[in-house]
Amino acid sequence: MSSSIDVQSCSECGFVQYPPREVCRSCLSSDLEWTTIEGKGELLSWTRLHHSFEAEFQQQLPWDIAQVKLDKVSCIIANLTIENPSVGMKVVIRQKGDSDNPQYFVVENE
Amino acid sequence: MSRSYQGVAVCVPQTVRYQRYSSHGAQYFFGTALRQLLSASGLQKSDVDGLSISSFTLAPDTGISVAEHLGIELRWLDQLILGGASGVVSLKRAARVVQNGDAEVVACIGADTCNPDSYANLMANFSDFSTFGVHAYGAGGPSAVFALATKQYMETHGVTREDFGRLCISQRQNARHNPNALLGGKELTMDAYLGARTVAEPLGLFDCVMPCAGAEAFLVMSEERARSLQLPYARIKAAEEGYNAHKDLDLPINGGWCNFRGALYAEADAGPEDIQFLQSYDDYPVMVFRQLEDLGFCEYGGVVEYLEKTDLNVEGAGLAHNTSGGQLSSGQAGFAGGFLGVTEGLRQLTGQVLGCQIADARIGMVSGFGMVNYDRGLCSAAVILEAGESS
């Protein structure tokens, strides 16, 4: 599976941002598009959730999430699927969304 | 132009008794807080011409709805949605309003109700970014994001769970005489802290504030007015607020207070060594560590060493910290949690404590922090208060 992910970028200044916004965080242009970037990055932090407010997740606990830094995006929070994660390790974000939420991300081993 | 708050008095700290859950709406807590403010000050409803409110659970009502609900006519009205920074910012803005003559007596109230559904709904709809980028990945509420921040802090500075545990235990000790602290009567041991149910690794149950219902409130007026009413009061030596302070950092390696710390101490003509007590914003212990660093009480990464030589107990000779037990012992009554430090600071400086009184309280700091819309808190504020002449 490809390790590229779709994120929002500015057609005017090229700034890449996440989460998606109504305007460019840098130049405030509303001329935004989706762009494909490399999903390889660094694990900044991770946690194993033992509690959730939603029934859908309560059934799947414990549930791991991670915070990942990519070259062009400072922080993406996503579902973590690595068995023995450690802060600072190289990881890759993959896009596993459906038509409802195409930008659903998971963090996997590089 | 002078930034002094000369002539302004902050007084009449009031707390509407906390409850784990309540069947009342937020307006009940606003109304009860105002009633207590009037009863304690001897003022009439018609004397209050300014109102500053904060609440998560008031919606769809707003600040003007509170005025109508409580039957008060106002010349000035403000509603702050700044999370745990709301109390300090409310005080700061109300002080300017009184100083400028736009209102004479401002009631500042943070109030929220709580029931199991209200909290889950708040978490699901906290912000666009949170709904899209955090809630969709496990619906863990703020604990999920603070677990990430805590883990990252522990890795960077070699801090252990025991280090956070000692802080939580010291706060619980401070709460032992505070009848409003929902957990105040329960001693916290290190074994209990470490053995508590895990919420989001590395956070256990006692790292997380307990949501509850309640209100915190105070009045802002001229010193002259406070003296004529014979109300003990505090003065503002300096106050600062800041937002989105680390917008260009990959990680929030500070809490934003460092951006205005210099201005705060310069205006107060004081330094960390002069501060007798700190009421920090303690939604999670890691944020207390960040405040101790950002506000200059110790070096970055030096909190553990600082705590080894500094007594945080309300009766100790070090830095009296979260003298009522803080939110970690009292519960977090929504936005009232952001006012708790202000009312407790005022209680210490005016001799109206609920629990333990620190000896000869003259000067202290209150700090606020709030609104984790995605991966970091966006609002930070701090005020240095001193006892007024009639206190």
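This note reviews a predicted model with chains A and B, point by point.

1. Basis of the model. Because the model is predicted, local features need a pLDDT of at least 70 and side-chain atom pairs count only at pLDDT 80 or more, while totals for chains, interfaces and linings use all residues. Residues are numbered from 1 along each chain as its sequence is written, chains are lettered from A and ligands numbered from 1 in the order in which they are written, and side-chain values use heavy atoms, with hydrogens and water left out.

2. Confidence. The model has an ipTM of 0.95 and a pTM of 0.96. For chain B the average pLDDT (the predictor's confidence in each residue, from 0 to 100) is 95, and 99% of the residues score at least 70.

3. Make-up of chain A. Chain A contains one helix and eight strands. Helices (H or I, at least four residues) and strands (E, at least two) are DSSP runs, numbered from the N terminus. Along the sequence the pattern reads β-β-β-β-α-β-β-β-β. Taken along the principal axes, the C-alpha atoms of chain A fill a box of roughly 40 × 30 × 25 Å.

4. The three-stranded sheet of chain A. Strands of a sheet pair through backbone hydrogen bonds, either parallel or antiparallel. Here two strands pair if DSSP finds at least two bridges between them. In chain A, three strands form an open sheet in the order E2-E1-E3, with antiparallel pairing. Its edge strands are E2 (16-17) and E3 (32-38) of chain A, each of which pairs on one side only. Strand E1 (residues 4-10) of chain A is joined to E2(A) by two bridges in the antiparallel sense, and Ser9(A) stands opposite Val16(A) in E2(A).

5. Further pairing in chain A. Strand E4 (residues 40-49) and strand E7 (residues 90-95) of chain A run antiparallel and are joined by three bridges. Within this pair, Gly41(A) has Val91(A) in E7(A) as its bridge partner. E7(A) also pairs with strand E8 (residues 105-109) of chain A, in the antiparallel sense and over five bridges. There, Arg94(A) stands opposite Val106(A) in E8(A).

6. The sheet of chain B. In chain B, 10 strands form an open sheet with mixed pairing, in the order E3-E2-E4-E7-E1-E8-E12-E11-E9-E10. The edges are strand E3 (76-79) and strand E10 (320-321) of chain B, each pairing on one side only. Strand E1 (residues 8-19) and strand E7 (residues 213-222) of chain B are antiparallel and share eight bridges. Gln19(B) stands opposite Ala213(B) in E7(B).

7. Helices H1 and H2 of chain B. Two packed helices are described by the angle between their axes and the distance between the axes. Axes are lines fitted to C-alpha atoms, for helices over the stretch in contact, and angles run from 0 to 180 degrees between N-to-C directions. The axes of helix H1 (residues 26-41) and helix H2 (residues 63-70) of chain B come within 10 Å and cross at roughly 60 degrees. H1(B) and H2(B) are therefore oblique to each other; angles under 35 degrees count as roughly parallel, over 145 as roughly antiparallel, 65 to 115 as roughly perpendicular and the rest as oblique. In contact (heavy atoms within 4.5 Å) are Gln27(B), Phe30(B), Gly31(B) and Leu34(B) of H1(B) with Ser65(B), Val66(B), His69(B) and Leu70(B) of H2(B). The residues of this contact divide into four nonpolar, four polar and no charged. Ala, Val, Leu, Ile, Met, Phe, Trp, Tyr, Cys and Pro count as nonpolar, Asp, Glu, Lys and Arg as charged, and the others, Gly among them, as polar.

8. Helices H7 and H11 of chain B. Helix H7 (residues 161-174) and helix H11 (residues 285-294) of chain B pack at an angle of about 90 degrees, with axes 9 Å apart. H7(B) and H11(B) are therefore roughly perpendicular to each other. H7(B) contributes Asp163(B), Phe164(B), Leu167(B), Cys168(B) and Gln171(B) to the contact, and H11(B) contributes Pro285(B), Val286(B), Val288(B) and Phe289(B). By class, this contact has seven nonpolar, one polar and one charged residues.

9. Backbone details. The peptide bond from Tyr18(A) to Pro19(A) is cis, with omega near -5 degrees, and Pro19(A) is placed in the loop between E2 and E3 of chain A. Glu201(B) and Pro202(B) are also joined by a cis peptide bond, with omega about 5 degrees. Pro202(B) lies in the loop between strand E5 (198-200) and strand E6 (203-204) of chain B. Val12(B), in strand E1 of chain B, has a phi near 55 degrees, which is a positive value in a residue other than glycine.
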